Each structure stands twice: as C-alpha cells, then as structure tokens.
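Please keep the sequence and the structure in view while reading.

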Amino acid sequence: TYFDFFSKDTFKIIEYAKYLAQSIKMRNLTSEFLLLPFFDSSLGLTTIFKEYTINEKQIGEIITSIHDTKPRTFSEIKDYFFYKAFNKITSISLENTSLITINLKYSYDVNVLLEKAADNALLRFKTPIITPEILFITMMEQKNNKVSKIIKRFFKNETNWYLLRYQLI
C-alpha cells in the first residue's frame with residue numbers, strides 16, 4: 001500500500017490526523033484533517049506557512065464549522081490524549097471509553113489523495129518516498145477536494161499559491 005512508502009514525518013501527519021478526527025468522534029477521516037498536523041514544529045514547515053499567512057487557528061475554525069462540532073472541554077481532550085499515550089505504552093485497549101472511535105475509516109477523498117501523492121512521488125519527483133512536502137503539494141493541486149479549497153482561501157492571488165508550491169518543491 002502507499003503507507004509502505006511514507007516517510008516517518010508523513011506517517012506522523014496521518015496518525016495525528018486520525019487522532020484529531022477521533023477526538024471529535026468522526027467515523028471517517030476526511031481530507032481537511034490532514035492540514036492541522038502540518039503545523040507540528042518538528043516538520044519545519046510552519047515558518048514557510050507563516051510567510052503566506054496560513055494559520056493553524058483559522059484552519060481549526062474552518063474544520064469545526066464544516067463538521068459543525070462543539071468544542072470539547074479541556075478535560076475531555078486531556079483524557080483522550082492520555083488514553084492514546086497509555087494505549088501506546090501498555091498495548092491495552094480501553095474500547096468502552098466514550099472518547100474513542102475505534103473503527104475510523106479513510107474517506108474516498110483521502111484514499112484518492114494518498115494514491116495521487118504516491119503517483120506524484122514516483123512519477124514527478126522520481127522517488128518512492130512520500131514526504132510531507134509531496135503530500136502538501138498534492139493536497140494543493142487536487143481541484144475537487146475540500147482540502148484544496150481550504151488552502152486556496154489563504155491566498156489572495158495565484159502568484160503566492162505558486163510561490164508556496166515552488167518553495168515546497
């Protein structure tokens with residue numbers, strides 16, 4: 001599968017996106033959840049995004065408005081991430097907790113996006129490894145995907161969109 005060709009950072013992005021979707025009790029991982037993990041400081045992309053006024057807070061607001069979710073209390077979010085850390089350490093599953101959606105599936109859009117990222121990596125960039133930059137470029141270029149439309153909102157003109165794309169390449 002395309003997961004076999006993810007870099008460690010790209011795999012972390014997908015994993016964090018799943019955690020975000022689970023934390024608001026989604027049944028499917030949709031493409032817009034892939035945006036927020038790109039703001040992880042260990043990826044080094046946040047400085048590039050700040051130049052183009054791509055803002056983590058605004059993306060979070062857009063996602064909550066799209067899915068019409070109520071913000072969780074701080075204790076619920078803390079309990080959820082404590083559960084994830086506990087589950088990784090002990091490998092014991094607490095399936096009866098109300099905070100967890102065990103069977104999170106990838107939406108059709110996410111599957112198409114990840115397959116396209118694998119194609120782009122191999123054919124355009126001549127590497128089998130799917131890096132965060134290749135994934136983000138693929139997300140930008142998908143015309144009919146929600147995530148592409150969200151990214152386009154942050155650009156006042158098409159030139160800046162191309163400049164970001166060039167910087168990522």
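## Aromatic rings

A search of the whole structure finds 9 aromatic pairs, where rings of Phe, Tyr and Trp (its six-membered ring) pair if their centres lie within 6.5 Å, and planes under 30 degrees apart count as stacked, over 60 as edge-to-face and the rest as tilted. The pair of Tyr-2 and Phe-3 is tilted, because the ring centres are 5.0 Å apart and the planes meet at 50°. Ring pairs also link Tyr-2 and Phe-3 with Phe-6 and Tyr-106 into a cluster.

Tyr-2 counts as buried because its relative accessibility is 14%, whereas Phe-3, at 24%, counts as partly exposed; buried means under 20% relative accessible area, exposed over 50%, and partly exposed in between (1.4 Å probe, protein chains only).

## Basis of the model

This is a predicted model, in which local features need pLDDT of at least 70 and side-chain atom pairs count only at pLDDT 80 or more, while totals for chains, interfaces and linings use all residues. Residues are numbered from 1 along each chain as its sequence is written, and side-chain values use heavy atoms, with hydrogens and water left out.

## A lysine in a loop

Lys-126 lies in the loop between α5 (108-124) and α6 (132-141), where helices are DSSP runs (H or I, at least four residues) numbered from the N terminus. Phi of Lys-126 is positive, near 55°, although most residues other than glycine have a negative phi. At 67% relative accessibility, Lys-126 counts as exposed.

How values were computed: Helix = DSSP H or I, 4+ residues; strand = E, 2+ residues; numbered from the N terminus.
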